[in-house]
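Colleague: I am new to this structure. Please show me how to read the place where two chains meet.

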Number of protein chains: 2
Amino acid sequence: MTGRIDSPKRKFIETALRLFSERGFYGTSLADVSGELGLTKQSILYHFKTKEALYGAVLEEVAARFDALVNNVIQQDLSAEKKLKTFLAHLLEHTREAPYDGRLITRELLDNLERVEASRKWYLKHFLTESTSLLQDLPKWRYRTEAERTAAMYQLIGAISYFSISEPTLSAIWGKEKLDETSGVFLSTLVSRI
Amino acid sequence: MTGRIDSPKRKFIETALRLFSERGFYGTSLADVSGELGLTKQSILYHFKTKEALYGAVLEEVAARFDALVNNVIQQDLSAEKKLKTFLAHLLEHTREAPYDGRLITRELLDNLERVEASRKWYLKHFLTESTSLLQDLPKWRYRTEAERTAAMYQLIGAISYFSISEPTLSAIWGKEKLDETSGVFLSTLVSRI
DNA sequence: AGTAAAACTTACCGAATGGTAGGTAAGAGG
DNA sequence: CCTCTTACCTACCATTCGGTAAGTTTTACT
């Protein structure tokens, strides 16, 4: 693993994440990515064999961040309810601080329908499984069916994710002020309905 | 308006909708679209001045379907609560019957961040505004703030939309059986938390 | 200082892209 | 029968794409 913070690979991954998340895989060229760093596209191909390999590295890093997010909450010594609320708060906070992450994952959900390969991994599997387990220990949900808990958890994740990718559009439609008001009450409104 | 069902424009729009929603704007070439119809790409450029114009026509049609969906519910003579539930049921049903529509809108939410032009219209404005108004007449929500109602409504729409674009991925992660179970209880789980 | 690996560069390529220009075949209406 | 419009076509073009090959510069280490 390239652990070094300033490893050249990492600066490519960071830039690629931003561009892939904003313009998508096909909308981003290798020249775009390297250009942002003042380099030629061949500098990328030195570190990553293909464009797909670069994309895979980006996806892996983003998935690792989401995994870390849910792992972190699970390991804390909190009540089940507190864990869930903390998880949702952290997830929402993360989509705000690192909007590229959520956008990339959403694009991946849309794209892997077509750009499938035998080797494609399901980076989100761990995140989804662990997230859903957070509902299992809630008294309110313990005696519901597994399917109901799964549906409920995916609704929470979906609500947060969809809102975060919509923010630029909503800002244009509603104006910044109304968006900020809505953002301000988003978490409490979401949690109040659990 | 090209009202005729078999208008040549319409067959291009239908095919383009499918491909744009599956592969995205940059992932779909004019040759791809025309190829599916056994034609050359110039046949498209005869009907639509540019690729952007074709995309715009597709987007307009999809947005019109969402508008019709919410308009249809609002005009019915139902209680506020029944209206909301009917709306959510119809929205979920629509994302299942016409999965291309939801995927295209989600891509547009992601893309218009970058592919903005002065002329770009906010196709979703009417849909969002009218949808949110559905919560206004619910006793439970009447005395909450406008921002809270807006947040709640967008959470419902987001939950449905995100789930629908995730179905292929979830089917691969969970398997078809678990996905079907979850789908089966999705609406009731969602509604029970309003 | 010397050297070898790492991190780039220039030069090039075939394929695909959106789009232009200039046709042609078919049908409708007078 | 003639003409105009619709709906396509072939031919072509400049640009961009991901990727290969072969050098050159920078860095790290002895």
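Modeller: Start with contact, which means heavy atoms within 4.5 Å. Here the contact takes 52 residues from chain B and 52 residues from chain A. This is a predicted model: local features need pLDDT of at least 70, side-chain atom pairs count only at pLDDT 80 or more, and totals for chains, interfaces and linings use all residues. Residues are numbered from 1 along each chain as its sequence is written, chains are lettered from A in the order in which they are written, and side-chain values use heavy atoms, leaving out hydrogens and water.

Colleague: What area is buried between chain B and chain A?

Modeller: Buried area is the accessible area (1.4 Å probe) that two parts lose on being put together, summed over both. Between chain B and chain A that is about 5100 Å². Carbon and sulfur atoms give 66% of this area.

Colleague: How many salt bridges cross the interface of chain B and chain A?

Modeller: A salt bridge puts a side-chain nitrogen of Lys or Arg within 4 Å of a carboxyl oxygen of Asp or Glu. The rule finds four across this interface. B:Glu146 pairs with A:Lys178 in a salt bridge, their closest N and O atoms being 3.7 Å apart.

Colleague: Is A:Thr150 buried or exposed?

Modeller: Buried means under 20% relative accessible area, exposed over 50%, and partly exposed in between (1.4 Å probe, protein chains only). A:Thr150 is buried, because its relative accessible area is 1%. Not counting residues up to four places away in sequence, A:Thr150 touches A:Thr132, B:Trp174, B:Lys178 and B:Thr182.
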